[in-house]
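Here is a friendly walk through one model, from its overall build to its sheets and one of its cavities. Have a look at the structure first, then read on.

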Amino acid sequence: MSPAKQTDGKKREDINKLKRAFAYNLFYKQGCTTRTASLNDYYLSVAYTLRDRMQHLFVNSVEAILDKDSKIVCYLSAEFLMGPHLHNNLVNLGLYDDFSQAAEESGLDLKELFDHEEEPGLGNGGLGRLAACYLDSLSSLQIPAIGYGIRYEYGMFDQEIVDGWQKEISDRWLHPGNPWGIKKPDMACDVGFGGHTEVYHGERGNRRSRWIPARVITGIPYDTPVPGFKVNNVNLLRLWSAEAHTSFDFEEFNTGDYYGAVEDKISAETITKVLYPNDEQFQGKRLRLEQQYFFVSCSLQDMIRIHLFIHDNLDNFFEDFQCQLNDTHPAVAVPELMRLLMDVHLYDWDSAWDITKKTLCYTNHTLLPEAMEKWQIDMFGNLLPRHLEIIFEINSRFMDEVRLKYPGDDQRLSRMSIIDESGPRYVRMANLACVGSKAINGVAAMHTDLLRKHTLADFNEMYPGKIRNVTNGVTPRRWIAVSNPRLTGLITEAIGEKWLTNLDELKKLEKLADDSSFQDAWLKVKEDNKQDFSNRILKVLDLKVDPKAMYDVQVKRIHEYKRQHLNVLHIITLYNRIKANPDIEITPRLFVFGGKAAPSYFMAKRIIKLITSVARVVNNDPDVRDRLKIFFIPNYNVKIGHTVYPMTDLSEQISQAGMEASGTGNMKFSMNGALTIGTLDGANVEIREEVGAENFFLFGLTVEEVMALQSAGYRPGDYYQNDPELKGAIDLIASGHFSHGDHELFRPIVDSLLYDDQYTVFADYRAYVDCQDLVGKAFQDKKNWTRMSILNAVRMGKFSSDRSIMDYSRKIWDVKPFPVELKWHRLPEDGVLLTSRKSGNADRSI
């Protein structure tokens, strides 16, 4: 038989196996036949089939790591915005074509199953999406890793837009069934809260402390495999769910106290109910701290358990584990690791502190003061009394260290102290993370520079070299291969598929940027993607938009510093120009917004209402004649992003300079050929350097100019009075034109801008509007715009999350790739497991 026929025969056999597996899972796992199966049944059957094929790789990965005792990166994050799994896993495992054919021959539409999949509600924005990209890259680069987080039962919330207002509803992402997470109750961890501490003397007469918690919660892990791209390595996302030790008190029930019988269950499960509970009230703040400590404690206990599976002690714990704290949410890991080492494993202070500082690494993600977490001392001590004792001791020793280096500098002591004593006392979690970590990193060159010079200047001066830069990145597998198959096909046809694991390969396409046939193909990909967006999303609202119009997009969390209202002021300016001269020539645009406002963020929710109100008027004004259309996407998420990034012409990255740590949406847009209008903020600076200043629409004040303006006494009213178009836009809002004559509805926004304007919207308005005029003219030159689009995409190699992970590996973790060799195992038969198990290891499984 010829090799070609052998290959064809093997492929046919593989397709038939997949079809049998679909049918098997439909019948035996879902308990139905094709006559009774729902779309969800079919989705689960296909998903289980894929998961089964990942398990072989995952088991091999675990055993290889244990055999070689490889160092493991543990990524602790309050968010993991993974996105839908099915499509991404098929791409990474190289099984997309086989599954597509098997599904088609089974009467299934694979794309319909992709649309049906419920997105895991485990994150909100950039922080969680970054964590997900990093897990993908860690697996693809063959670096052993575990992502640790919380299995939120209801996620953050689903967003509905009702009468233009955001309405929050429960995100029931687990309701249809989650085939990817595997419950591991035998690896449960106990986590204490409250109570008191006791002092006792150890065997050698040394003074020790023990914590007697008032209540104990059980953390149950759920494991989700994370495959790399066409490699044998599969890493792990381990999420913790809170349960009560005793879910039902039979004695209480029998006495008629039905609520009391389940009170412990309700109290425990509340901890992992929702992402970021509203913390305006004391109970919300307490719950957030409970969440953070719960998953950190479970994760560290789990890491210690894995280490002791191989070793007899924790002396070299840091050689097996590098633990990255994704922002300050997991910063309580510092005192918790100290507690576990000293109180549970009986290490002395100095040894425990040495291990802790060599294990933990801290990523700072923000320059916003309100995002630098701190907790009231009384609340912290009431919830975690032993940890507060440890923090006080860490701070006392640290303050002595600062005094020795900077004698007499009381102001420096006050700034660097872990305890804020400027008023009511607080624990400063960022300071705690800085003191207790071996390395601190910013997430963009500009952000890291600002950390060193301003936010963490004292720490940078005291520990030169401790603050390092690792610019964020995003995975091209999810954000090009999965999101934009047309572009993926065009690129792969031109240069092969090596670019999917080495994004610098895209530079080979630069020579085609002026090639007319390649430009035509590139433009067709963009217009087809725009048509898809119109067909899938806009037609629901009967909003007709020409795919040849400019698609101008701002999708991100709604926040004043991200300045969605600056975008709106530009739209109103264009609207006013049309009203003044209905025949004016204006480049047709669809303005797309998307993003959620925190439930307690009054101004952000009012900005959403402003966007939708302006949309209602502009979209229906006959004078506009379809030249301007506005659409707010409800419940923006990763799945919607799969459609949005590929169709975008212009990416709005218009935050006030110095406020955005990095941004990752800017990278996803550029990778898909969108041009950027933006300030010199976050990763915009590096994107502009890479793609070329001539291919980036820059406007606005620099960080230094913002600081100087505010120091001099910024007067936004002067800008309002001196710019007729700005005054016209603000006055139209204030007049009630967009609010059915209601002058009060948007007064909070108008007054905030006129009398405060914390984020210098007015100061940047004129530069922004003038830059947008240039954008409109540039878009009319399709050939040059397409050239710039190509160059934006092909010069984005630096912004792959693969490069970010390689930077972490080299600069911070000191880890190297660990390729897994694929080994076949016998299936369990005659009572024999896949591998022989050591006697006595029943409680030490991995």
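## Overall build

Helices here are DSSP runs of H or I with at least four residues, and strands are runs of E with at least two, both numbered from the N terminus. Counted that way, the chain of this predicted model has 33 helices and 23 strands. Its radius of gyration is 28 Å, close to the 28 Å that the globule rule gives for 846 residues, so the chain is as compact as a globular protein of that length. The C-alpha trace spans about 90 × 85 × 60 Å along its principal axes.

## A parallel sheet of six strands

If you follow the chain to its 6-stranded open sheet, you will find the order β20-β19-β18-β21-β22-β23, with parallel pairing. The edges belong to β20 (628–633) and β23 (697–698); each has a single partner strand, so one side of each is left without a neighbour in the sheet.

Inside this order, β21 (residues 650–653) pairs with β22 (residues 675–678) in the parallel sense over 4 bridges.

## An antiparallel sheet of three strands

Another open sheet has 3 strands in the order β13-β15-β14, and here the pairing is antiparallel. Its edge strands are β13 (374–376) and β14 (419–420); each has a single partner strand, so one side of each is left without a neighbour in the sheet.

β14 and β15 (residues 426–428) pair in the antiparallel sense over 2 bridges, and Ile419 has Val427 of β15 as its bridge partner. Helix α16 (residues 429–436) packs on this sheet and touches β13 and β15. Its direction makes about 45° with that of β15.

## The second largest cavity

Rolling a probe the size of a water molecule over the atoms shows where empty space is left. A search of the whole structure finds 8 cavities of 30 Å³ or more. The second largest cavity has a volume of about 130 Å³.

Which residues lie nearest the centre of the second largest cavity? They are Met82, Asn88, Asn89, Val226 and Arg478, from a lining of 13 residues. The elements that give two or more residues to this lining are α3 (86–93), α6 (126–140) and β9 (215–227). By type, the lining divides into 5 nonpolar, 5 polar and 3 charged residues.

Technical notes: Residues numbered from 1 in each chain as written. Predicted model: local features only at pLDDT ≥ 70, side-chain atom pairs only at ≥ 80, totals over all residues. Heavy atoms only, no water. 1 Å grid on protein atoms, 1.4 Å probe; cavity = no way out; pocket = protein on both sides within 12 Å on 5 of 7 lines; lining within 4 Å. Points joined across faces, edges and corners; volume = space filled by probe spheres on them. Nonpolar A, V, L, I, M, F, W, Y, C, P; charged D, E, K, R; others polar. Pairing = 2+ DSSP bridges. Rg over C-alpha atoms; globule rule 2.2 N^0.38 Å. Contact = heavy atoms within 4.5 Å. Axes fitted to C-alpha atoms, helices over the stretch in contact; angles between N-to-C directions.
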